[in-house]
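Please keep the sequence and the model in view while reading.

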Amino acid sequence: MSEITKRIENMHEGQILFISDFSDLNGNEKVVSRALSAEEKKGNIVRLAKGMYLRPKSTRFGIVYPSVDEMVKAIAHRDKSKVQPCGMTALNMLGLSTQVPTKYTYLTSGSSRKLKLGDRLIELKRSVPKNFVFKTTLGALLMQALKSLGEKNISKLEIVQIRKLIDNEKRIDQFKLDVLLMPIWMRKLITNIINNAIKS
């Protein structure tokens, strides 16, 4: 118990932790779980979901909670898997949709499953390796966002937003290589945007 307390106190504020992080101290998950529950009651950690906690960072506005994306990435790191936002989640992250997702969807190199993190639902869908080879976040997100929209549903509003995203991309050379990994219609669309062939 004291070792778990000491380890938690040495963690930085805002760090996400799991029961499995303490398996080297005690292989019995029930014992670790009870110890973490005691730490939660003391206010040293906050429970985010079953077996998942946060070393809280408090401000005058209250506790700063991690985003869904941060929590999903923490789970992926624990499971040694890769994740990639898709569908409405990708559209929302790129500003191509203002609709707040009721369910957050990610592709994963690990096992398919559904999670509930607080009051938010997350679906992890097992996918093929080619979805995880992109070098830039923009390339990966744009691929999934455009796939969700569909070739015939790209309006001038989306084109203007995509141009802004590309203009703000610092790793433009890497992004251009990512574009080569996309389907032909996406390549043509993005290449035209880069070359300013499509006018807003």
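In the hairpin of E2 and E3, 2 residues lie between the strands, and glycine 51 there takes a positive phi near 75°. The model is a predicted one, in which local features need pLDDT of at least 70 and side-chain atom pairs count only at pLDDT 80 or more, whereas totals for chains, interfaces and linings use all residues. Residues are numbered from 1 along each chain as its sequence is written, and side-chain values use heavy atoms, with hydrogens and water left out. Helices (H or I, at least four residues) and strands (E, at least two) are DSSP runs, numbered from the N terminus.

Strand E2 (residues 46–49) and strand E3 (residues 52–54) run antiparallel and are joined by 3 bridges; two strands are taken to pair if DSSP finds at least two bridges between them. Alanine 49 stands opposite methionine 52 in E3, and valine 46 has leucine 54 of E3 as its bridge partner.

A second sheet can now be considered. Open and built of 4 strands, this sheet has the order E6-E7-E9-E8 and mixed pairing. Its edges are formed by strand E6 (83–85) and strand E8 (113–117), each with a single partner strand, so one side of each lacks a neighbour in the sheet. Neighbouring strands here are turned by 30° against each other on average, direction ignored. Strands pair through backbone hydrogen bonds, either parallel or antiparallel.

Within this sheet, E6 and strand E7 (residues 103–108) run antiparallel, joined by 3 bridges. Proline 85 stands opposite tyrosine 106 in E7, and the bridge partner of glutamine 84 in E7 is leucine 107. E7 and E9 run parallel, with 6 bridges between them; leucine 107 has lysine 125 in E9 as its bridge partner. E8 and E9 pair in the antiparallel sense over 5 bridges, with leucine 115 opposite isoleucine 122 in E9. The hairpin of E8 and E9 has 2 residues between the strands, and glycine 118 takes a positive phi near 70°. Of the 6 residues of E7, 5 are buried, where buried means under 20% relative accessible area, exposed over 50% and partly exposed in between (1.4 Å probe, protein chains only).

The helices come next. Helix H5 (residues 137–149) lies across E6 and E7, running at about 55° to E6. H5 also packs with H6 at an angle of about 170°, with the axes 12 Å apart. H5 and H6 are therefore roughly antiparallel to each other; angles under 35 degrees count as roughly parallel, over 145 as roughly antiparallel, 65 to 115 as roughly perpendicular and the rest as oblique. Leu138, Leu142, Leu146 and Leu149 of H5 make the contact with Glu158, Ile162, Leu165 and Ile166 of H6, contact meaning heavy atoms within 4.5 Å.

The axes of helix H7 (residues 172–179) and helix H8 (residues 184–194) come within 10 Å and cross at roughly 150°. H7 and H8 are therefore roughly antiparallel to each other. Phe175, Lys176 and Val179 in H7 meet Arg187, Ile190, Thr191 and Ile194 in H8.

Which residues have the most contacts inside the largest nonpolar core? They are Leu142, Leu146, Met182 and Ile190, in a core of 24 residues. A nonpolar core is a set of buried Ala, Val, Leu, Ile, Met, Phe, Trp, Tyr and Cys residues joined through side-chain atoms within 4.5 Å. Helix H4 (87–93), H5, helix H6 (156–167), H7 and H8 are the elements that give two or more residues to this core, and H5 provides the largest share, 8 residues. Leaving aside neighbours within four places in sequence, leucine 146 is in contact with Ile154, Ile162, Trp185, Met186, Leu189 and Ile190. Apart from this core lies another, of 20 residues, among them Ile16, Phe18, Val46 and Tyr106.

Key. Axes are lines fitted to C-alpha atoms, for helices over the stretch in contact, and angles run from 0 to 180 degrees between N-to-C directions.
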